[in-house]
Every structure is written in structure tokens, then in C-alpha cells.
Amino acid sequence: MTLTIDLGTDTGPFHGGASGTLYGLYGDGVPSRNVVEGMYVRTVSTKAQDGIQHPGADALDILPSFVDCGGRDVYVYLADIYRGFPYQWPGATGEERLAGFMTLIEHQVRRVSATGDYKSHIVYVPFNEPEGNMFGTEEWSFNRISWRTDPRHYFAAWKDAVQLIKRLDPDARVAGPNTSILYEEVKGFLEFAKARDVLPDVITWHELSTPDAMRTNVAKYRCMERELGIGPLPVNINEYAHNYHLSVPGQIVQWISAIEESKIDADMAYWNIDGNLNDSAVEANKGNGQWWLFNAYGRMTGHTVRVTAPRAHVQYSLQGIATLDCDKRQARLLFGGESGAADVVFAQVPAEVFGRTVHVRLHEIPWTGQVGASAQPLRLQDRELPVVDGKATLSLTDLHEMSAYEVILSPGGRGAVPVPPSVGWRATYAAENATYTGGGYSRNGPEGSPSAVEKFASSGTYHIGGLRTGSDGVLAFAVEVPQDGTYDLSVFANSYNLDDLVREQGPTTVFLRVDGADPQELRLPLGYKWAVWGHTDTRVRLTAGKHTITLAARDPDLGVTKGDAVVDKLDLALRDERVTAPALYEAEYAVLGGGAHVSHAHRGASGPGAAVLPHGGTATFWVHATADGEATVTVEQLGDGEGMVTVNGEEVGRLGRIPLFLVGGINKVTVTATSSRLVLDRLLVAPGEGHLRTIVYGAEDGTVTGKAKVTDAHTFATGGKAVDGIGEGAANALTLTVVTAHTGRYALTIRYSNGEQAPATHYNPDPVCRHAEISVNGEPARRVLFPTTFHFNDFRDLTVPVTLKEGANTLTFTNRNQKQDEHRQRSAHAPVIDRVAVTPLARHPS
């Protein structure tokens, strides 16, 4: 197959509209600002403030932080002030229900009007899928007559809602009709709205269809506009993609291609939990493969160019999107969706931009599961290709349909030394092909597929169960490796957090052995439903040749399984010196600002170019860290310019080789020039060397007051003890005294658990983010959200930067909420706290 990128055919300015999210933000911090900004989220659709449809995601709670992270528009689903789907709006008659709804709309608009400049980022969505809700045929509708049959009541309600909103705020924007699909009757809606001067400012509908259907329907809508003499109006498809697609880079890239080609905005559909960017974010600050795909998409610049696929617009085949930025002398391609071999042909390569040789960097963005964190994309190739008759061809093998791939094209022939791949040998072993012995075996599935898009994606068709409480099952994988060495091993697995056997302990414990020896206990990941995949990672030492790796429910040395797990696959990767070398981030691929530009005139650069920063110019790198803690960050430059390094908004030092605290997951590292000219080559990130001292304080060693108490009910807490009961008022608190050697900025890494979950009204599980009010030395408290860990015995880390003084410091954890709300959507408790680690953000100058 051949994928052709025609660099000579411009299809318009890069838009970046595919990175929208429905219910993807819970509140400021969940997900973190790094995760939101680094995914380049453009639009978010969410519930009205204080709505009772789902926990969190209140429009005005997420608005300031979202805009501060570069977000453009918040679409407020006004009907989500109510509970249920169909919406349970109160009243004995349709007229009574509608009057009550209009009163709530007025209240929302008045609250938004008090937000100052932020209100310009609000778009009101008065009705959501009206044909199945307020103006449909079911119990909770206006009169049980679909608006598609008799539109009078819906049209009148639309007019009244728009006029009410515009009267209260003449500058307000309104979106609609927000139908579940683009019905033919939408044309009549537009005719009515045009005649009465109540046209939507943004046209919205849902595409739970296919990428090609989206293309077709956008074109169909544009035809309606031309026929009616309106627009063209902005379009937001504020629900797209299915469960089977979300989290899978090789499938989402096909949707991105259609959305970008159509130059519209679109929000991923909300099938699961809110606050994780539609299965892109893991915990608070980590991304999975889908997150890294959107990070690569958001960093595209310039104009899009024509991409011709082997099977144009056919889903589940090789598709792509490409841009050309002549100022940077750089082209970028994202593609994926089909396994096997392919030729990627860059045609009409402009000689004045690239010359006669091009430098090619190829990355793979693999699928890492819905709740499985991912490191930065894998570097597969770094090489140069000749341009012959205006074409450069990259021949590829072993493409995987679940992965997306990124190609960055730069001018070649400038002496860049090719960088080796960031991965060594690797292989995948499906659990359905492993050998199971003992009792309790189950072969579950089939899971998601093109004909079952409502189900979750898995690496294969089936997954294996049987490792559970009371079982003697053993799942044996026959593997073969090419050489002696240490191998990274990842078990893709899941335990449903509300399953009866899982409720007792939380993470399911299983036991790993290699050829019957070297036992290890593994805790397999929890998820919000069955077949929601994460991964548990470890390392094993293997000799060249064949081995048997077993996962067992019993181990003579370590104990017995508690819980219930299903296993999807096992991944092995050779951990050689290339893998453990520092992670490389080339400056010419970074996000540049303040007048910084890419230059290819510097021989001696590690890659095909460098970034030239004037005074105040910036280069921003999105850097991955496996866990919270110290890393060694080296800024390599050409020449003697000067600059400052900022990590996650904190100034941490000048250029060179510096020890820094990185948070687990996504870090925003920015270099700012402080001299008239700074030429950046690259950023290197390596493990820490022990320069930043971490002191750990057990929560049980603090002072508890009121109902807060030390408990031994959480077996996976450090030492088996943690503090519970913080909250329901400020009197129920935990206070810790921590001691530091210097006054300065520190990372408080809080190990916590949060298994609270509200009753759901439909298919969305509703985990609740708890919050703690953290006060340092009696200063005003900072409110910090803690996302779900799916069980109170499953502990995660969350880091909060604070200023501490030399000597003793007092940390107080409270939650001043007095009680739960009626639907248990706003917690009155802080999370269970296990321990607090204190680490300097950077080495003290002295």
C-alpha cells in the first residue's frame, strides 16, 4: 500500500479542531493543566454550573483554568442542569416544564455574565438531542410528539431561549440544534431560525458514525447553507467516535483526518468517566497513547496538504493528515490504521524548502490501554532520503493497526548523525494464545470490533479470566528472546472496581515466575468497567532462547490471589543501553514562541536543525517522567547564549546539566532566552543522581483531630497504615510537621486513595473527585482535587508545589464541606492519605 503526501497541494491553514472533549474536564487539576495544555484541547462541552447530571465538570468551575491553558470555547449543555437521560425536567405539563427551564437558563446566563473576560469563551447549548429528550416521544418530553413530526413547540422554545440569552447578554453565542445526527429536518430548523433572526452562532450535531460519514455530512450541511443563503457558520461536532475507537491512536487518527479535512471543531464522545479527556488522561497528570497522538496533532503548524490514502476515506485502513510549514522548513505527517507494510511517498517536495535530501524522523505512538500511561512516542527511524524527481519515499514494514505514526520531514545533507531507535527488540503475546491450567478458566469476548463499536478495544478478540480468589489457575506464556539481557515486561490486564471479588482488596494480586523461578507479586490495574485495559510493569532477566512466563493465582512463597482479573496480553521489550540512554527532545521539533525560529544553518547540531531564540524567545518541550521524583535535565546549546529553564511554571535554573523534580507523567519544560541570541540544540532527560533529597512523612505520624483517624484498614498503604476521615468540616483534619534545610519551592508528593463513586443515572460510571484544602504554615488553604483511584485500597501519587521555610513547617489537610449533596456528587471528605514526600523542585543555589 502507498500513502501519498502531496506537499505541492495546499488544502488550507492548519485548524486543530479535533482535540475537543465532551465531559473531559472534571475541575482545575483533574486532569492537570499540563495534560490539558499539552493535548491542545480547543473546545469542551460540559454541563451547566451546579447541574446534577454527573459529578464534577461544572462549566464555571472548569472555565478559568481551561482558558488559561489555551482553550478556546466551553459549550454549556444547559439541559444537563437536570438529572437523567432523557432529562427529568419537573412539571405537570410541557408548558410548565419549559417555563421552569427558561428560569434556569436565565440564572445560568446571569452567573456567566459575572465571570468578566472569561464569558467570551462560553457558548450556550439550550437543547441536547431534542428528538430523544425534551421534544421527543417519551415520558419526559414536552408533549410526546417528536419535533421531527411537528416542530412547532421545539422551534418556539428555541426562539424563546435564544432571545432570552441574547437579551441578557447581546454578545452571547448560542449553538444548536445539537441533534443526535444531521437529520433532513435540520434544514427546516435553519429556515425557521433565519426567518426569525435566531440562527445559531455555531452549528452543532453528533456524529456517532464513521469518519467518512462525518465528511459527507459536513458537506451536506454546507450545501444546506448555500441553498438557504446563510453562513458559512462554524461547526462543532460535539460528540464523535465510539468506545471501540477511543484510546486507540490508529483509529482516532482516522477521525482526526476527517475533522481536519473538514476544518471544523469536534468533541470526543463521553462514554465512560468524566475528567479523563475521553480516555486520554490517566490519573491526574499522565497521558496514554491517545494523549500523545493529540499532542503531536496540536504541534502541527503551517498549512495542511493533500493526503491520498490507499483506500480513500475507508475506516480501519491507512489514513493520514499532513502539514507543511515553509517558514520552519518542516513537514509533519500523522497516519495509521492498518497493519503490514506501506510506502509513504512525499510528492512535489519543494526544493527551495528541503533541497535534494530530506531528513526523516519516524515515531510510533502505540496503544497503551484506556487507563494505561504511556511514555513519549517511540523513535523508530532517524535517517536521510534522497529526493528524486520531486519525491522521497519512506518504505515501512511491521506497521500495527492500533498504533499511530508521526513523520517529521526536514532539510537533509547537513551532517546530522542519525540517532538510533529508542527501542530494542520487542514482542507481544496474546493471553488468548497462552496455556491455562487449573480451575476457573474463562475465555471472554469477543470484545470491540468494527461490527461491535460499543465495546472496548483490546489487543485481540478475546481475553482470559480465571486468576481470582480461590482459584489455582496458571496462565503460561511461551516466549522467545534474541539475547541475554534485562527485559521490560508489561501485563495488560483489568479488574472491574465494583466486582464483588474486587471490592474486598482493590487491585488483584497475581504471581509471576520465569521458568518456575524468581517469583514476583504483581498488582493488576483497576478500571471502571470490565475490559478497560491498563498495564502493570516489571523487569525480568532472560537468557537468549525460549522461556515460560507464568501468571498464577497461587505461589508457594508469596501467597494467594485476592480479587478477580482478566488478562489481555503480555509485552516484552529488551532493555539495552539504547533504551536506558537519556530521552532526547530536539529543539527544532519543540514548540517555539516569542520570535524563536528553526534554523538549519548550524552544522554540529545533533539533529537536522536547531532553534534560535532571541531575547525572550521560548522553546517548550513536553517531557515524560515515569514517576514523581528527581531527573537530570541537560539543555544542550550551540554557542554561548544564556537562558532560564522553567518546569511546570516554576523557574528552576539556568542552562546546563541540572537536577530537577519532574512530576510523574507530563511535564512542560520551557527554555527562555535571557541573552540577545540563544541557539538550542536539544534537551536530554535522564534518571536523577540523588542531588535532591526526599524526606517521607507517614500520615500516621501526624496529628489527627475530630473524626480523622489513623486506620489499618488499607493493606496497600505504606506499613499498612493511613489516615481516613478527613473532612465533613475543618475540625476533622490531619496536621504534619515537615522540616526543610532551606527556604524555597518544594514538591509535596501525596500518596492517597479515593474510591468514592456516586450512583449513576445511565451508562456512565460516576467516580467522584475528592478534594483537600491544604494549608502551609497557617496560610490560606489551597483547594486540590484528587481523582479516583477506583478503590480506597489503591494508592496513587499526586504532587503539589508549595513554598516552605527553613526549619519546621506545618501542613494541614482539611475539607470544610459539611455534608454530601443529595446525589453524592460533591464529596465532603478529603482522600485517604498514606504519606507525604517532600522534595526540592531544584537544587538550592548554595
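Reading terms in a predicted model

According to UniProt, in an unreviewed entry, the feature "domain: CBM6" lies at residues 427–573 and 695–839, and such annotations may be inferred rather than shown by experiment. This is a predicted model, in which local features need pLDDT of at least 70 and side-chain atom pairs count only at pLDDT 80 or more, while totals for chains, interfaces and linings use all residues. Residues are numbered from 1 along each chain as its sequence is written, and side-chain values use heavy atoms, leaving out hydrogens and water.

Reader: Why are α4 and α5 called oblique to each other?
Author: Helix α4 (residues 152–168) and helix α5 (residues 186–195) pack at an angle of about 45°, taken between N-to-C directions on a scale from 0 to 180 degrees, with axes fitted to C-alpha atoms over the stretch in contact. Angles under 35 degrees count as roughly parallel, over 145 as roughly antiparallel, 65 to 115 as roughly perpendicular and the rest as oblique, and α4 and α5 are therefore oblique.

Reader: Which residues in α4 and α5 meet?
Author: Y154, F155, A156, W158 and K159 in α4 meet G188, F189, F192 and A193 in α5, where contact means heavy atoms within 4.5 Å. The residues of this contact divide into seven nonpolar, one polar and one charged; Lys is counted as charged and Gly as polar.

Reader: What makes strand β8 and strand β9 a pair?
Author: Two strands pair if DSSP finds at least two bridges between them, and three bridges join β8 (residues 235–240) to β9 (residues 265–268), which run parallel.

Definitions and conventions. Helix = DSSP H or I, 4+ residues; strand = E, 2+ residues; numbered from the N terminus.
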